[in-house]
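Work through the exercises below with the sequence and the model open. Each task is followed by a solution in steps.

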Amino acid sequence: MRPFLIVLLCVIWMGLSAKTFVREYTYKAGESDSKISSRAIALEQVKRLLLEEVGIYIQSSIRNEESEANGQVSSLTEKDIKVLSAGITQTKVLDEMWNGVSFWLKAEITLDEKDVLKQLDDLMNNEKYKKALEDNRLITDNALAELERLRLELEQEKDKNAQAQLQKDYITESEKLSAAEWNEKGSEAYFNSDYPLAITYLKKSVEIDPSNANVWFTLALANKINKDFGQSIICLNTMLELDSLSTDALVALGEVYQESGDIEKAMQYYNKTLEINPNNMLAYINLSMAYEKLEDFDNAIASYKRMLEFDDEPSYEVGRLGEIYYNLKDYPNSIIYYRMAAEIDTTYYWLWMSLGDACYNNAEYLPAVEAYKKALALQPDDTGILNSIGKAYYDLGDYGNCNKYYIQSAKLGDTEIQAWCDANGIKWQD
């Protein structure tokens, strides 16, 4: 097939799978409005019209979707869909005009019809991005309501000083709409892993409205991932000035210092977090890992055991305890915690393998074989597991089973076991 024909077919297919919504909005400016505030309001309103139309389309798609591939999407309310649609779409301004009296704006949103429900379902499982969208919507809702209130007050207010203050407040609120727009773009870039672009957009947002702690937090995380620890610390300290009890900021500060190598400083922030919330799981995990890094295993163990008191699903803690005790050659305790971890997360073969190793090193060969076999059931062609079973049987004096598992390993290509079999006269080739 000729190249230009392939391109043409691709374009036709893309056209068939894309659905575009176009709306216009005209905002009649009040005496308190400028071109900038009028555009911000017009853009927010046309976005809402577009997202409402997108929401109706998505609701129709959910009703028509016969499969169960849409996961949690079917449980969304009309309001949820309007809010979350902003996370799977981009508003593109097609044209705009300001004549000093009104601001006219035309914009579009394009949806991938093939993938819209999956995108929405993925977004439903991204709690942080979902929360960011909900918070941003709330900010714009409040800003629009406050702008309307201020507009009415300005129309009625006669006192010049009061008018000046109301005008100042009006500008501040209109700026929040622009800041929210940059925040939305920045959040989208962040959750799509484009951190330099996220930083660019989020910086514009806080330059306009420095009072939004959540934007400072996302900006801090983007800088942290981008390895700009200094800027990340500045952003997090700014967030703490806005919300001194923010455990998110304190934990993140600890992580920044820990990643940059200052473990002692990191631990100070984890402990500050735990003073505010003694059950903060992330602070405990990071603090425990910091103790491990410093080889302070007594405190690491105590920290992980504290987590067991309030965690309903303690697979991580018991797994770490199993490993610490194993590395300390305290195999009886290692067996206890590895067994707990393996029984909680039965599908992780390496937990059964670790339990087997702990049992083996404690000369408990039959329990070791049992654990290894559970690992093997999950990873049938793993020569390392086969070799461990063979070794355990060898130490039990059960050479028949030892040879059986070594032969399986040799057939799968383990050259060391092949050499062992050859040296001991054991036929492994068919």
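**Exercise 1.** Which residues does L236 touch, not counting residues up to four places away in sequence?

Before starting, note that this is a predicted model, in which local features need pLDDT of at least 70, side-chain atom pairs count only at pLDDT 80 or more, and totals for chains, interfaces and linings use all residues. Residues are numbered from 1 along each chain as its sequence is written, and side-chain values use heavy atoms, with hydrogens and water left out.

*Solution.* Step 1: take contact as heavy atoms within 4.5 Å. Step 2: leaving out residues up to four places away in sequence, L236 touches F217, A220, A249, A252, L253 and V256.

Step 1: A nonpolar core is a set of buried Ala, Val, Leu, Ile, Met, Phe, Trp, Tyr and Cys residues joined through side-chain atoms within 4.5 Å; buried means under 20% relative accessible area, with a 1.4 Å probe and protein chains only. The largest such core has 79 residues, and L236 and Y372 touch the most other members. Helix α8 (residues 213-225) gives the most to this core, with eight residues. Another core, of 40 residues, lies apart from it and includes A132, A143, L144 and Y170.

**Exercise 2.** Find the order of the strands in the open sheet of three strands.

*Solution.* Strands (E, at least two residues) and helices (H or I, at least four) are DSSP runs numbered from the N terminus, and two strands pair if DSSP finds at least two bridges between them.

Step 1: list the pairs. Strand β1 (residues 18-28) runs antiparallel to β3 (residues 102-112), joined by 11 bridges. Seven bridges join β3 to β2 (residues 91-98), again antiparallel.

Step 2: read off the order, which is β1-β3-β2. β1 and β2 each have a single partner strand and stand at the edges, so one side of each has no neighbour in the sheet.

Step 3: check single positions. In β3, W104 is the bridge partner of T26, L105 stands opposite Y25, and K106 stands opposite D95. Three residues lie between the strands in the hairpin of β2 and β3, where G100 takes a positive phi near 90°.

**Exercise 3.** Is S85 buried or exposed?

*Solution.* Step 1: locate S85, which is found in helix α3 (residues 78-85). Step 2: its relative accessibility is 0%, so S85 counts as buried. Step 3: list its contacts; beyond four places in sequence, S85 touches L51, V54 and I58.

Methods: Buried means under 20% relative accessible area, exposed over 50%, partly exposed in between (1.4 Å probe, protein chains only).
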